[in-house]
Every structure is written in C-alpha cells, then in structure tokens.
Amino acid sequence: MLSRRPPMRLVLALAAVLFTMAVLGLGLLRAAAYNPAEVGGTWSPPPGAPGVSGVPARCGDLPARATRQLRGMWLTTVLNIDFPSRKGLSQAQVKAEYEGWLDLAAAHRHNAIFVHVRPSGDAFWPSAYAPWSDWLTGKRDGKSPGWDPLAWMIDRAHARNLEFHAWFNPYRGSQPAPGGAGADFAQLAPNHPLRAHRDWAIAHPKGSTGRLYFDPGNPEARRFVEDAMLEAVQKYDIDGVHFDDFFYPYPKAGEDFPDDASYAKWGKGKARSQWRRDNVDTLVREMDQRIKELKPWVKFGISPFGIWRNKTNDPDGSDSKGLEAYDAIYADTRKWVQEGWLDYIVPQLYWHIGFDKADYAKLLPWWTRLVKDSGVQLYIGQADYRVGEEGAWSDPAELDRHLALDRKAGVQGEVHFSAKQIRADRLGSATRYRDKHYAAPALLPVMPQLPAAPPPAPRLTGTSRAADGSLHFAAESTPGPAAASWALYRVSGTAAALVATGRSGTQVADPKPPAGAAVYCLSGLDRSGNEGPLSEPLSIR
C-alpha cells in the first residue's frame, strides 16, 4: 500500500417546484459576546513544491488515459430528506445510514459527496457559533449528541476516496414550523446566536411559513456567519466549501424582505436591489479570500439557480423566460465567475430539454460560454428528483441526454439532487446514466489555482489474488512529496486505461482483472488531484 498522506489539505411554473426548492436549501457564549475577528491562520507551500508538469501520463511506452470528471450527489439533512432518515437516531444508526450513502456513491462511481452540515444556522459539529442541528439530535436544546459527526463523515468519505464538500446555508437561521422553529425566537435552541443578537435577525415571510434569517445587510451578522462556516474549514479536513442558491429569499407575492432598518443604516444611497446584490457579492468575495488564506487547497463553489438573467431583459442573458437570480434573489452569479471568486459553479439546470421557459439545451451553452477562460470549473446540477413526473421526465433517458450534452459541451462534471433520488432509481434512470456515462472510474479535474505537489512514481512490487477475484498489489512510495491518493491503470490495446482509484493507505487493487496476462502501472496524486509520473509497468501472467 502507499503510505497515507497527513491531512492538509422555476421557480417558473409549478408551485410544487417552488416549494421543493424553498425547503431543500435548505452558542453560545461566543455569540453572546461576539467580536468580529479573523479565524485561523495562513498556509504557505513547502519549499521547492513542484507545479504541474503537463507531461502526458505514460505506462511504459503506451499512453495512459483517465477521464477527468467530478461526479457527486447532494446529501440533504434539512427536514431529514436524505440523512439522517429521522431525528434523534443513535450514533450507531446515523453511522450505518451514512455508510449506506457512501456505498451508493461508490456503486455509481462518484468521487465527491456534498453533505448538508449547516442547513439553518445550526451545525453537525461541535461549534462555538451554532447550536447542534435538531435534524440530528431530535431536540432544539443545543445539547451535544456526544460525538463529532462531521469529523467521522469526512474520515469515512476519504476512506472511499470521495472528496467531502461541506454544504452550508449562510443566512438561514431557522426552518418554518412545525418542523422548525419558524420565526419564534422562543423555539430556537437556548444557545442560538439570534437569541443573543436579535438585531441580526429578520423574520420573513409573514404567517405559518415564516422563518428567521441572519440579515445579509448587517456587516456584523455577515461576518459572524462567515466565521461560523470558516470554523469548519479551520477545524476539519474538508475538501470544499459549498453553498446552494439561498442568499436572499425567493420572492413572495406582495411581501418584500423587511430589511428597512439595515438599508437605512448601510444602504448609502444605493438602489436597494443593488445594495442587496452588493451584500451577497461581499459574502462570496470574502469567503473566497478567507478560505484561501486559511487553507488554499480547499475549494469554494456555489450551486445557483440556473438563470442569471433572461436576454429579453439583458442582452447578455440566456435564451430563457424564467425567474432571474440577479433580480429576484440578488445573486449576480455571472459576476462571481467573471471576478474569479469561485473555484467551481454548479448551476441548477433542473429543466428538461425543450422546456419553453428554460430549455436545458439552451441554458447549457450560456453557462459554458460564461466559464470559458475564467478558471472557474463548470459542473451541472441534475434534477434526479424530477424523474417520473409527467411529460419529458417520464422518459428514463432524459438525464442520460443531459449528460450527453454535457460531455459534448466540455462540462467538467455533475452533481445530482439528491442522494435519495439516486437510490430510488426511478424508471431505472440513475442506472442508465451511470452505465453510459460513469462506466469507469474518473479522476477529479485539476484546478491550477490550487497548491500542487505531484508525488514521484511509486513502485509496484507484487500481486496476490483475493477470494473475491480481485487482484491486490503490493506498492511502495518513493522519496518526495507524499501521495494523497492512487490511480491504477491496466493496458488494453494501445493504451493503459484507469481501472481503480483509492486513498493512500488503502489496498491497491483491480476489482475486475482479466483472466489472463495483463500489464499495470500505478500513479500517485496530490491533494489537488495533480498526478505524478506512473510506475514502471508490472506484468501479470
């Protein structure tokens, strides 16, 4: 085995869709006496750390080929939609369920998982900034469940060689009653920061669907939610910080977000719509900067609503007729890409090919043009939850066609909403696109802006056959930067193809070796997915 590296690093027409999107996006002594401050320290690369050579991989005299593609799923905790399956499960039950989700990810040959760890001002880790999530504990009393789920979930994901992207909702402070506390401060956990800082809170909308928000226009509240999320970056070995599309709330007819007080204090004469966009821009820009200061190998990405603006209102917009994130929720998603404040973006293109208001086949090229030469990687959010609906979604090949368009357009991956829907595999849709588009393992796309230290070529020194028919390899690392993961190639015809990957410290193995002779090569990859040279070929007879 290779030695293990130490941790471094639309809302358009259907009310049902609007409701789904609204609910899914889904201490403190520290909070009571909060004083904005920097979280954590800085990182610098080790002396002499190499960059990416750009030399094509070779197994002996033959080229080695591997798909570079992110494949992931969202694991939603709010309302116990995916995980845990209900509130108040025991530690053993939560762990067993999570292992089941990792089994699913492995079966679909995913290489990343996006886990909801701050659904609404709460936390799935012992936090100095937020109460424990009642979606985990079953109670809004702020009491610890007695273990650290986030540390354990990251460790188990890494053991499967899955990137762990910690998914946060920055501004949501509660969920609507009866499942959540609603807009009632008395229903919040005793150590919820909005109890100590009611001036940070805005209740919206009125009535039974109301909830509490951290005010995006209040600089102190914004800094607090940044610190709350950066605490997880500082304390844990996460691979990515991930937001969805919830910043300012989606519009409610006849009721504007009631931020008059903060606008009067901090608006500085700007139009309110632009002031709100500026507030969201500041959060995104500061998070990007502060993550990279703290741990520059941690990726930052956002999954926004799939329409920036319609071209009928803006010549730079897309050929669509739906709700516009720029105007409706004050999310200038195009600017974030243009300014390079993200490492990746995952637009939620949750509409079928040919949909008149938002055609997948027309929105996809708008997003590919936007990211071109930006340094921001494009993944597409896929609506597995819609499979089985009437019309186009009754065809099990709809998502298959989406992924085919993605490949043709050069999209660098997909994230599927959500884990429960992949497991349900309605109409056999998930199995279909897995077998056609995720048939072989894939390496993660390289981000040149992240630290690079590709390891030297390892050595393959021997093999053994396991009872399950897999072929196990003995491997040794060589002096130089340590590998974070490994990639195993097998010669087939005139090239060597990727057949397996794993985390350093796990068994190097080909799960389905051929019956006869074969030739293999092994490589190591660094934390950012940069691949070092391959080993000398090892022939198996």
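Because the model is predicted, local features are reported at pLDDT of at least 70 and side-chain atom pairs at pLDDT 80 or more, whereas totals for chains, interfaces and linings use all residues. Residues are numbered from 1 along each chain as its sequence is written, and side-chain values use heavy atoms, with hydrogens and water left out.

Side chains of opposite charge can pair when their charged atoms come close. The structure holds 32 salt bridges, a salt bridge being a side-chain nitrogen of Lys or Arg within 4 Å of a carboxyl oxygen of Asp or Glu. One of these joins Arg527 to Asp239, with 2.9 Å between the closest N and O atoms. Arg527 lies in the loop between strand E21 (518-525) and strand E22 (538-540), and Asp239 in the loop between helix H7 (219-235) and strand E9 (240-243), so the pair ties together parts that are 288 residues apart in sequence; helices (H or I, at least four residues) and strands (E, at least two) are DSSP runs, numbered from the N terminus. Both Arg527 and Asp239 are buried, where buried means under 20% relative accessible area, exposed over 50%, and partly exposed in between (1.4 Å probe, protein chains only).

A salt bridge also connects Lys292 with Asp343, at 2.6 Å from N to O. This pair likewise links distant parts of the chain, 51 residues apart, with Lys292 in helix H9 (residues 272-294) and Asp343 in the loop between helix H11 (333-338) and strand E11 (344-345). Asp343 is buried, at a relative accessible area of 3%. In the salt bridge between Arg434 and Asp435 (2.9 Å, N to O), Arg434 counts as buried at 18% relative accessibility, while Asp435 is partly exposed at 40%.

The largest pocket holds about 1,000 Å³ of space; a pocket is an open set of points on a 1 Å grid over the protein atoms alone, with protein on both sides within 12 Å along at least five of seven lines, whereas a cavity is a set where a 1.4 Å probe fits but cannot get out, and lining residues have an atom within 4 Å of a point. Grid points are joined across faces, edges and corners, and a volume is the space filled by probe spheres set on the points. Of the 41 residues that line the largest pocket, Arg109, Pro441, Val499, Ala500 and Thr501 lie nearest its centre. Strand E19 gives the most to this lining, with 6 residues.

The largest cavity contains about 140 Å³ of space. Its lining comprises 15 residues, of which Ser120, Asp134, Arg140, Gly173 and His192 are the closest to its centre.
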